[in-house]
Amino acid sequence: MAQERELLSALVLELRRGTLILSVLSQLKDLEYGYSLVQKLNQKGVAIDPSTLYPLLRRLEKQGLLCSRWDTSETKPRKYYQRTEFGDTVYASLKQQWGQMTKTMEELLWEDK
Amino acid sequence: MDGQHYMERYIQEVVRRLPKGQRAEIALELQEMIQEMLSADGEEATVESVLLKLGPPKELAKKYRDDRRYLVSPEYFDNYLWVLRIVLLCVGLSVIFSAVVNFFLDPKQAKEAAMELLYLPSGLLAAFGAVTLLFVILERLHVKFEPSQSSPWNPSQLPPLLQKKAVISRSDTVVGLVFIVLFCMLLTFAPQVFSLYLFSDSKELTMIPVFDMEHWNVILPLILASMMIGLVDEVVKLVTGRYCGAVLAVNAVTNLCQVMLSFVVLKMIPFWNPEFFSWLRKKCDIPDLLPYITEEAFSNLFLGLIVFGTALELGTTAYKSLRYGKN
């Protein structure tokens with residue numbers, strides 16, 4: 001039984017992992033800093049913790065999808081991220097792809113009703 | 001104060017595992033992360049509880065790192081295995097050959113020659129390490145392996161179906177190869193092995209070589225040439241793996257060359273050791289046989305055997321190639 005539960009968890013994790021980047025990108029039209037993004041995503045039902053998101057934001061910046069800047073004006077220095085133009089283009093394409101995929105999946109999963 | 005101390009120690013542990021250039025910024029990020037989590041958790045929050053949530057520094061550092069956690073990637077693995085196999089084979093065989101050759105060079109040093117085989121494990125290990133290191137470097141330098149075919153694969157390139165009888169056993173050819181090489185080694189480094197060993201009454205050993213050692217510098221190259229030609233035949237068989245037109249053609253040509261060379265060696269140059277024959281004639285008790293114990297007779301006999309053997313081999317190869325080789 002434990003093995004079955006483990007397998008299920010692993011498969012769910014795979015599913016979640018596939019959508020993580022898209023969900024992160026979707027929230028970065030405007031400037032956001034790491035923790036606010038964590039809270040926003042959690043509120044909207046995307047399970048993510050800071051130790052995953054912060055490195056992910058760095059990676060996306062490295063790939064050119066995001067740009068960042070430090071705000072040292074407050075007592076707490078914060079790193080703000082936002083989509084680049086390239087990020088916007090990629091996000092738009094991904095969104096389109098997602099639309100097509102969900103349509104296909106809906107048909108596949110609910111055709112028997 | 002305690003909490004601050006914990007936080008600094010935690011951050012230190014994470015960033016020390018990261019590349020130098022990124023350390024300062026990631027440390028700042030981690031500080032932001034931890035402080036945000038602290039304020040978000042409210043009254044009950046302590047640095048310890050936040051750090052517990054974040055998990056061991058090692059794990060967090062892993063998430064920040066994007067370097068490869070392997071030596072050779074799947075992309076390079078096939079080439080790596082292929083090169084490894086060849087290199088290990090070569091190293092292994094050379095160590096063994098070297099020991100064998102040294103043994104034949106001086107049979108009294110048999111123990112020393114056997115000791116050479118002890119180099120085998122360390123030699124193989126060193127070769128393994130060298131090839132692995134080479135591929136680790138190649139991969140990091142993004143060296144691309146070009147595909148060997150100029151055109152992309154398509155089904156017409158598939159080799160024909162193998163009939164069991166058409167297959168040339170790989171182990172047979174390898175054995176043949178090994179024998180040829182060993183025989184050549186022997187002829188080159190220890191031709192005196194091919195001698196008559198006589199113990200006199202006083203337990204003294206005299207050796208009468210079978211071959212004419214005075215003309216050995218002419219005989220040896222010719223024999224070696226013949227052996228090398230035979231080697232080509234074996235290699236072709238090894239590479240194609242089955243009886244076919246190419247194998248038949250190569251077999252015919254090599255056999256023909258070998259017969260011609262044998263003719264030259266046996267009939268056209270001094271080959272036998274005259275001493276050998278005088279000894280034989282002395283020892284021969286049957287008078288009727290005496291006229292047959294001559295160099296010429298022996299040469300003819302050997303040549304006859306060679307021609308017979310060659311014809312037999314050629315015949316079998318031809319039969320198999322023509323019968324099973326064409327689809």
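Visitor: What is the area buried between chain B and chain A, and how is such an area defined?

Guide: In this predicted model, the area buried between chain B and chain A is about 1,700 Å², and carbon and sulfur atoms give 53% of that area. Buried area is the accessible area (1.4 Å probe) that two parts lose on being put together, summed over both. Glu32(B), Glu36(B) and Lys63(B) supply 35% of the area that chain B buries against chain A, more than any other three residues.

Visitor: How many residues of each chain are in contact?

Guide: Contact means heavy atoms within 4.5 Å, and 18 residues of chain B are in contact with 19 residues of chain A.

Visitor: What makes the pair Glu25(B) and Lys79(A) a salt bridge?

Guide: A salt bridge requires a side-chain nitrogen of Lys or Arg within 4 Å of a carboxyl oxygen of Asp or Glu. The closest N and O atoms of Glu25(B) and Lys79(A) are 2.8 Å apart, and the pair therefore meets the rule. Across the interface of chain B and chain A, the rule finds 5 salt bridges. Helix 2 (20-41) and helix 4 (57-64) of chain B are the elements that give two or more residues to the side of chain B that touches chain A. Helix 2 of chain B gives the most, with 12 residues. Helices (H or I, at least four residues) and strands (E, at least two) are DSSP runs, numbered from the N terminus.

Visitor: Which other partner does Glu25(B) have, and is Glu25(B) buried or partly exposed?

Guide: Glu25(B) also forms a salt bridge with Arg58(A), the closest N and O atoms being 3.5 Å apart. This pair crosses between chains, from helix 2 of chain B to helix 3 of chain A. Buried means under 20% relative accessible area, exposed over 50%, and partly exposed in between (1.4 Å probe, protein chains only). Glu25(B) has 28% relative accessibility and is therefore partly exposed. Arg58(A), at 17%, is therefore buried.

Visitor: Why is Lys237(B) called buried?

Guide: Its relative accessible area is 10%, so Lys237(B) counts as buried. Lys237(B) is found in helix 9 (residues 216-240) of chain B. Among the residues that Lys237(B) touches are Ile168(B), Val247(B) and Glu313(B), not counting residues up to four places away in sequence.

Visitor: How are residues and chains labelled, and which atoms and residues are included?

Guide: Residues are numbered from 1 along each chain as its sequence is written, while chains are lettered from A and ligands numbered from 1 in the order in which they are written. Local features need pLDDT of at least 70, side-chain atom pairs count only at pLDDT 80 or more, and totals for chains, interfaces and linings use all residues, while side-chain values use heavy atoms, with hydrogens and water left out.
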